[in-house]
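This briefing goes through one model by topic. Please keep the sequence and the structure in view while reading.

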Amino acid sequence: MSVTQNTAVSAVPAKGALKRRNEAVTAWLFMVPAALGLIIFLIIPFLMAFYLSLTNTRLISPEPADFVGLRNYATLFNVALIKVEPVIDEQTGAVMRDENGNIEYPRARTILHGDAKYEGLQEAAQFNLFGNHYLFAAGDPTFLRGLKNNFYFVLVVVPLQTALALLLALLINQKIKGSNLFRTIYFSPVVTTMVVVAVVWTFLYNPGEGTINAFIKTATFGLVGPQDWLSNPKLAFPSIMLLSIWQGVGFQMVIFLAGLQEISEEVYEAAAIDGCNMIQEFFFVTLPQLRNTTIFVVIATTILAFQLFVQVDVMTQGGPSDATMTTILHVVNEGFRQQRIGYASAVTVAFFLIVLFISIIQRMVVPEERAVD
Amino acid sequence: MAEQILTQEGVTREQPYSLRYQIRKSVILALDYAILILLSFFFLFPVIFMLVTAFKTNEDQILRDVAGLRAFVPYGPLGLQNFFDVFNRMEFGRFMWNSVFVVGVTVILGLVVNSMAAYALARLRWGGRKIVLAVIIALIIIPFEAVAVPLLLLVNNLPWINGTVGWLDTYHVQIIPFIADAFSIFLFYQFFIGLPKDLEEAALVDGASRFRIYWNIIVPLSRPVFATVAILKFLYYWGSYLWPLMVTRRPEVRPLTVGMQQFFGQYPRLWGDIMAFASMITIPVLIIFLLFQKWFVQSVASSGVKG
Amino acid sequence: MSKKGLLIFAVLAITTLILSACGGAAATPTPEQAAGGEAATEAPAAAGGSTVTLWFHSGRGAERDALTEILGNFADAHPEITVDAVELPEGDYNQQVQAAAVANDLPCLLDFDGPFLYNYAWGGFLTPLDDYVSADMKSDFLPSIIDQGTYQDHLYSLGQFDSGLAIWARKSYLDAAGVRIPTLDEPWTRDEFDAALASLQALPEVEYALDLKMNYGRGEWYTYAFSPILQSFGGDLIDRSTYETAEGVLNGPESVAAMEMVQGWFQDGYVNPEPAGDTDFIDGTAALSWVGHWVAPDYIENVGDDLLLLPFPDFGKGSKTGMGSWNWGITSSCPNPDDTWTVLDFMLQPEQILIMTNANGAVPARSSAIANSELYAEGGLLRLFVQQLEGGYAVPRPITPAYPTITTAFQEAFDNIKDGSNVQDELDGAVDQIDSDLEENNFYQ
């Protein structure tokens, strides 16, 4: 999987430079169609995006675009952490408190608009730390929120989905009647279209009158009341995660299934002779044997997680209060819907670099081992 | 749950014939099935809901039913009215054909183009191979949506073979940009580097050309990975939505997903019609899957996707 | 695989290429082509007359049928002009128009939701209609239609109809709850409206006192339907004296009070935040329905004589309501604008307008059509809508190219406010978005 471990270059006996040059020509001929396609339809648009990111181009505008240098990137990464002092009652000199007894702080917007050095910043978060109150402000809080959600999605969905896929694979891999049928059922969401799935789940998630609420009410004997799945900021993103896992887990299950079926009986027999119990067997035999499979599943799911778009676009459009915003949705909103193509391109480029960085780290942390030949 | 399964096997080795073992085995088996069936419900309920709703002709009833488990029960006035609505409203067949054609051609051409590139990367010796491979792997992480707008600007200025400039509102604007695909190349590459080399070397000694080797040896050996890439690409482009919405307007070339937007993006939503449409997008794929499912799953399994 | 297999594969690949090329050639009337860049390609169409391309949003069934009928009538009257109509999904309509504008791939005749006009006109892809519209014809239109279609002293668009927005009620419910029936001269005050909501909510058959059609979802509906509340409080979406900032207006105390009131309606349980369907009012579970003319056919049929149409309350600065609807413009890239005007002119004939408005219940755009409309003529059931439009109660949405940003920002804020976010914060956020867009575009000077 990694670039460095490849040893598969054909071992044709070298008959001098000519032969090798022929092989290089052949290779390029093989590469040409795909290379052209990737260059024209992916690399060039990406380079265009890079160029656009240095301008203030708008999708439709009678005004010519200006070159603005790194200004878009400056907005994107402009952040400030501001310590906020409580509001002091001018007469008594005491700290003002609201009706609940909480300390009152000046509004974030008052602080940010009150000082020229904070120009262009918007409130991203407020929090208390070591007895002080801080305001975290950013040039584009939505971008940060999108990025944060992407990471949140990766951290929750990747382990959960991988674990569930492994569990399903273990269940299916038992030699019991009907396992083919169950395999088919678990795989079936994979063949449904995400746009369709998102539409159907929107209906199922309907608050108050939705099927999922009805089901939960029945299952908990009415203890859990109806939830506003998609309009509650706390629940909206987990709801999207659930749907994503539902749709994607079947495919990984099949990959794990393949991995499981490749483990030879002998390994298990050897383990049994060594006196392993079943739990030990799982952790010391099955899991290590599935190492490469797991790495593949984790990396592929991570990449997909960063591309999260269709579900949130159809179901919540990033709302409520950006609770389900993702980076790609932000790109599409800014570039296509708000027509700020220059700025959106800066988000694209920054996002690419961030994900590339993560992938490289991921590869460095978990170097892949090829199975022994 | 994993423990239970494993325990079951573990006991097998110890005392296979005792009564205690038999009872325990039955209980575990029953638990096993209970879990499998519960999970089945989890994976099936949205699909069942979609299909059942599509056949309910009374819109008010659909809205009432969604508040309970009756949403899964086909009762009340049932019929094909929602499907007729879809057909009356638009040329559904045309949309279906557009989707099948666009996705079919993208997949077929993609298989050829990407597998050839992967073969060059996996098996041939040439300068720049490692760099190209690294670039392709890096390209996997650029999602299409991120470059959609520059791509739109680009295809709008590309010439076409009949002398016109601009690709909008055509089939090829939906096909050509997506034939070459970094992830497909990567999957092929992964599979090819795992293939044994001896056959190839023998053929080389016999003086076979590289293309012959690719076509006569590599391709037949690699059916599983071809099937896997075809399946993945098919599913991905079958569901593609943003791009067709941006570059096509005419029903003559628009795909199903955009057609559905004429129902879903129209308030108030008529859920019966929407579900009928959604069913008709889903059912063909489901049927294909059911017919070929054994082969389908095996190909994914043996394609080396597992790493 | 054998040589035969290779051959089949190659043929298949090439055939698909050729096929897709044919598909492309047949379905690519790019502006260049349509403009007749090469005389040879143009010949067949030019001999028999010209073709006018037309895009329309896929509205309700009845609206589509009416348009088909009107275009059919046009074909009978003007066989020399072929109209090529394309229907686009309403949900993403503006985005599709934008994509086409970027690609210079717009049709000749285009319909769009009123306030988007200013952005399109500013972007330079609409052509003014001033030379086509006579003074007589202009004076026959509702003043609201002309206001909506005018940007920087040029008339860019005309509609077949305007919209009406008001409160639908059941007389029996109001009587049972002891609520006064308001008139345009004497609308409910805020106190009266609060009391009305409380007593209607108390009726046994009522689940929600107020139906705000939240099932329409986030979109233009929010701005159209709820910005009149701002205006009735004395706030607005933007400072209309300069169109250069929303500061102090959209987040001023009046607007904040307005949105806090609306938030209160949701918090008090008067409003169903996400109705599954569109039938709460018809079913009788919602008492008042805050919605436009388009429900008229449905409501009249289902509620009958019990149905009332009432003006919005006066929250301080008079009863204000929304206006504006889909209207038609001719694009500047159109190769045959004169023929296109012939089509539009025909569609705007009073008889054709009535075909449309009888189908969709909208307010006919021309006085001569209104006079012949059963619903809207003097004494008609929906006369209130005409009074609102003619009497200055209806406020056009901001006339500025920044409108797409304004409406997106307000929609987002409204969505969060109804879900319980802090009103001042949300409106501040919207103001920041709007002001930075204005600044970035040099105030659209």
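At roughly what angle do the axes of helix α4 and helix α13 of chain A cross, and within what distance do they come? In this predicted model, the two axes cross at roughly 145° and come within 7 Å.

**Helices α4 and α13 of chain A**
- Helix α4(A) covers residues 141-172, and helix α13(A) covers residues 327-337.
- On the α4(A) side, the contact is made by T142(A), F143(A), G146(A), L147(A) and N150(A).
- On the α13(A) side, T327(A), L329(A) and H330(A) take part.
- By class, this contact has five polar residues, three nonpolar residues and no charged ones.

**Helix α11 of chain A**
- Helix α11(A) has 16 residues, 291-306, and reaches 23 Å from its first C-alpha to its last.
- That reach is close to the 22 Å expected at 1.5 Å a residue.
- The buried residues of α11(A) include the threonines T293(A), T294(A), T301(A) and T302(A).
- Also buried in α11(A) are F296(A), V297(A), A300(A), A305(A) and F306(A).
- The cover over these buried residues includes α4, α8 (233-262) and α14 (341-365) of chain A.

- Between chains A and B, 96 residues of chain A are in contact with 91 residues of chain B.
- Helix α1 of chain A (residues 17-52) gives the largest share of the chain A side, 21 residues.
- That side of chain A divides into 69 nonpolar, 22 polar and five charged residues.
- The contact between chains A and C takes 20 residues from chain A and 21 residues from chain C.
- Where chain A touches chain C, its residues divide into six nonpolar, ten polar and four charged.

**Chain C**
- Chain C has 19 helices and 14 strands.
- Of its 445 residues, 53% count as buried.
- Among contacts in chain C with a separation of 6 or more, 76% are between residues 24 or more positions apart.

**Confidence in chain A**
- Chain A averages a pLDDT of 84, and 93% of the residues score at least 70.
- Among the elements of chain A, α4(A) has the highest mean pLDDT (93) and helix α9(A), residues 265-273, the lowest (80).
- The pLDDT is below 50 over residues 1-14 of chain A, a stretch with 25 contacts in the model beyond near neighbours in sequence.
- Residues 369-373 of chain A also have a pLDDT below 50, with four such contacts.
- Where pLDDT is low, the predicted coordinates should not be read in detail.

Technical notes
Residues are numbered from 1 along each chain as its sequence is written. Chains are lettered from A and ligands numbered from 1 in the order in which they are written. This is a predicted model: local features need pLDDT of at least 70, side-chain atom pairs count only at pLDDT 80 or more; totals for chains, interfaces and linings use all residues. Axes are lines fitted to C-alpha atoms, for helices over the stretch in contact, and angles run from 0 to 180 degrees between N-to-C directions. Helices (H or I, at least four residues) and strands (E, at least two) are DSSP runs, numbered from the N terminus. Two residues are in contact if their C-beta atoms, placed from the backbone, lie within 7 Å. Ala, Val, Leu, Ile, Met, Phe, Trp, Tyr, Cys and Pro count as nonpolar, Asp, Glu, Lys and Arg as charged, and the others, Gly among them, as polar. A residue is buried if 20 or more other C-beta atoms lie within 10 Å of its own, exposed if 12 or fewer, and partly exposed in between; C-beta atoms are placed from the backbone. The expected span of a helix is 1.5 Å times one less than its number of residues. pLDDT is the predictor's confidence in each residue, from 0 to 100.
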